[in-house]
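Please look first at the structure, and then I shall go through selected side-chain contacts.

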Amino acid sequence: MSDIKIRAKLEGDETTVKCLMSHPMETGLRKDSKTNEVIPAHFIREVVCKVKGAVVMKTSWSGGVSKNPYLSFKFKGGAVGDPIEIAWTDNTGESQSATAEISG
Amino acid sequence: MIDAKRRTLVKGSLAAGAVVGAGLMAPRAFADWNAAAFQAKDIPTAMTGLLGSDSAEVSDRIKIKAPDIAENGAVVPVTVETDLEGVTSISIIASKNQTPLIASFEFVDPSVIPFVSTRIKMAETADVIAVVKAGDKLYKNAKNVKVTIGGCGG
């Protein structure tokens, strides 16, 4: 069970991909208000977006992206049913990926 | 009997090889993440680390959509798009964050339209700066966002 939700919609000749990931996105700069201890960094560093198995976009993030990150991008072409894959890797080495098909 | 043992040995060494392989592969997954840029405490270091230069021409062809006032700095929606030609990357910076470089989007395939939308954290009222790489040149634009409650507190 993946915690990445992907919606990809074809309109005209443009496909819009909208994606929500489940992640705490801790910067490593925040302190616990009760214990005053630094909360360890835990954030997504890289996201790779593929269309029909080919990488179209690579993103690198700091902990400055909000908790449960939202990402949207657009590309030309694409056909209903084409698979979109989104995969992330975080600073602890954890990774997740999900695939969705383009809808019309 | 000897043959069976030999098989076991072969299997064992194959498995060991796979483990060593995985061990070597793990750090490679991060090879693309630019620590120097994303951990930089100031914009020039971040931009130079990521894009090779900290000078960019201001362009109003870069449109930044973000709220004028963000009540919650922990979640500031930001959309960047441009009609500049030959865009290969868009980077987003929050000028007063402790680590200002927030995200960089690299367009590997020319089919990708120079448009990105995400949500970022802002420590305080500051400029959201978008840096666009088009051809071999850097362009930028900025939009001020007033933050009433900081998003990087603690």
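I begin with a charge placed over a ring: the charged end of A:Lys74 sits over the ring of B:Phe115, 4.3 Å from its centre. This term requires NZ of Lys or CZ of Arg within 6 Å of the ring centre and within 35 degrees of the ring normal. This is a predicted model, in which local features need pLDDT of at least 70 and side-chain atom pairs count only at pLDDT 80 or more, while totals for chains, interfaces and linings use all residues. Residues are numbered from 1 along each chain as its sequence is written, chains are lettered from A and ligands numbered from 1 in the order in which they are written, and side-chain values use heavy atoms, leaving out hydrogens and water.

A charged end also sits over B:Trp33: that of A:Arg45, 4.1 Å from the ring centre. B:Trp33 belongs to one aromatic cluster with A:Phe43 and B:Phe38. Rings of Phe, Tyr and Trp (its six-membered ring) pair if their centres lie within 6.5 Å; planes under 30 degrees apart count as stacked, over 60 as edge-to-face and the rest as tilted. Over all chains, the count is three aromatic pairs. The rings of A:Phe43 and B:Trp33 have centres 6.0 Å apart and planes at 50 degrees, so this pair is tilted. Are these two residues buried or exposed? Both A:Phe43 and B:Trp33 are buried, meaning under 20% relative accessible area, with exposed over 50% and partly exposed in between (1.4 Å probe, protein chains only).

Finally, I turn to A:Met21. Among the residues that A:Met21 touches are A:Ile44, A:Trp61 and A:Trp88, where contact means heavy atoms within 4.5 Å.

Key. Lists of a residue's contacts leave out its neighbours within four places in sequence.
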